[in-house]
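Subject: Structure handover and findings

Dear colleague,

Please find below the structure that I promised to pass on to you, followed by an account of what I found in it. I would be glad if you could read the text with the coordinates open beside it.

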Amino acid sequence: VGLFGYNDGTLKNIALERMDIKGKDVIGSLAGINSGRITNSYATGKIVGEKWIGGLVGANNGSIIDSYFTGRVEGEWMVGGLAGANSGRITNSYVAGEITGEELIGGLVGANFEGDIIKSYVIGEVEGELGIGGLVGVIWGGSITRSYVTGNVKGKEVVGGLVGVNSDDGSIANSYARAKVEGTKCVGGLVGMNDYDAIIKYSYSAGTVKGKNETGGLVGMNE
């Protein structure tokens, strides 16, 4: 569901304001699924759904460049301020607003599947229950480079100021979180849980971190 249900071409210089969209799965204001190229575009408003929900696109398999979303995104699973899921490339893009859900919730992207996120950021509030990150809920491969978060990140388990879970050879570099992070288990200022095969380098967290078990200023649990 979106202005374009499926995009395999080029969308540029598009402005969507005061959007109010409610549906079920794979929802974005501009495109439900993007396998093409989106540049210099933005949307504002409120997007509500269940799974694969994003402020701009439900799922990104292509590229998103110089674009943004401001407003509120609500869902249950795999919810992101820009894209619910990303297996493509996001560059020079941002989100400002409130992102809420249950599992795999991120300020920019809910779940990153071998995708790349470069020079992008989130300003606002992200809240959920499991796998919650200020920028990305969970990384299953791929990379985050020169990106950051400022604001509040709140969840129950596996909560990070930048990323909830970094796994499957995921890489975080030259990035930071300046956030108030709250949770109960596996709570980190930058990453909630960092898997044994995942990498964090040249990155930092600056803010407050509150948790009960496996809580750290940088990483809650490093396996």
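Strand β22, which covers residues 157–160, is joined by three bridges to strand β26, residues 185–188, and the two run parallel. Within this pairing, E157 has K185 of β26 standing opposite. Please keep in mind throughout that the model is a predicted one.

The two strands belong to an open sheet of eight strands, whose order is β4-β8-β12-β16-β19-β22-β26-β31 and whose pairing is parallel. At the edges stand β4 (25–27) and β31 (213–216), and because each has a single partner strand, one side of each is left without a neighbour in the sheet. On average, and with direction ignored, neighbouring strands of this sheet are turned by 5° against each other.

Turning to the aromatic residues, the structure holds eight aromatic pairs. In one of them, the rings of Y148 and Y176 have their centres 5.1 Å apart and their planes at 5°, so this pair is stacked. Since Y148 lies in strand β21 (residues 148–154) and Y176 in strand β25 (residues 176–182), the pair ties together parts that are 28 residues apart in sequence. Y148 counts as partly exposed, at 24% relative accessibility, and Y176 is partly exposed as well, with a relative accessible area of 22%.

Y176 also takes part in a pair with Y204, where the ring centres are 5.0 Å apart and the planes are at 5°, so that this pair, too, is stacked. Here again distant parts of the chain are linked, with Y176 in strand β25 and Y204 in strand β29 (residues 204–205), 28 residues apart. For Y204 the relative accessibility is 37%, and the residue counts as partly exposed. Taken together, ring pairs link Y42, Y68, Y94, Y121, Y148, Y176 and Y204 into a cluster.

As for charged side chains, the structure holds five salt bridges. R72 forms one of them with E74, the closest N and O atoms being 2.5 Å apart, and R72 also meets E98 in a salt bridge, at 2.3 Å from N to O. R72 is partly exposed, with a relative accessible area of 26%, while E98 counts as partly exposed at 36% relative accessibility. Salt bridges link K46, R72, E74 and E98 in a network.

Another salt bridge brings together the side chains of E182 and K180, at 3.5 Å from N to O. E182 is partly exposed, with a relative accessible area of 22%, and K180 counts as partly exposed at 42% relative accessibility.

Finally, I would draw your attention to N86, which lies in strand β13 (residues 83–86). N86 is buried, with a relative accessible area of 0%, and its side chain makes a polar contact with the side chain of N60, at 2.8 Å. If neighbours within four places in sequence are left aside, N86 is in contact with N60, V109, A111, N112, F113, G115, D116 and I117.

With kind regards

Notes
Residues are numbered from 1 along each chain as its sequence is written. This is a predicted model: local features need pLDDT of at least 70, side-chain atom pairs count only at pLDDT 80 or more; totals for chains, interfaces and linings use all residues. Side-chain values use heavy atoms; hydrogens and water are left out. Two strands pair if DSSP finds at least two bridges between them. Helices (H or I, at least four residues) and strands (E, at least two) are DSSP runs, numbered from the N terminus. Axes are lines fitted to C-alpha atoms, for helices over the stretch in contact, and angles run from 0 to 180 degrees between N-to-C directions. Buried means under 20% relative accessible area, exposed over 50%, partly exposed in between (1.4 Å probe, protein chains only). A polar contact is a pair of N or O atoms within 3.5 Å; within protein, one must be able to donate a hydrogen and the other to accept it, and residues adjacent in sequence count only if both atoms are side-chain atoms. Contact means heavy atoms within 4.5 Å. Rings of Phe, Tyr and Trp (its six-membered ring) pair if their centres lie within 6.5 Å; planes under 30 degrees apart count as stacked, over 60 as edge-to-face and the rest as tilted. A salt bridge is a side-chain nitrogen of Lys or Arg within 4 Å of a carboxyl oxygen of Asp or Glu.
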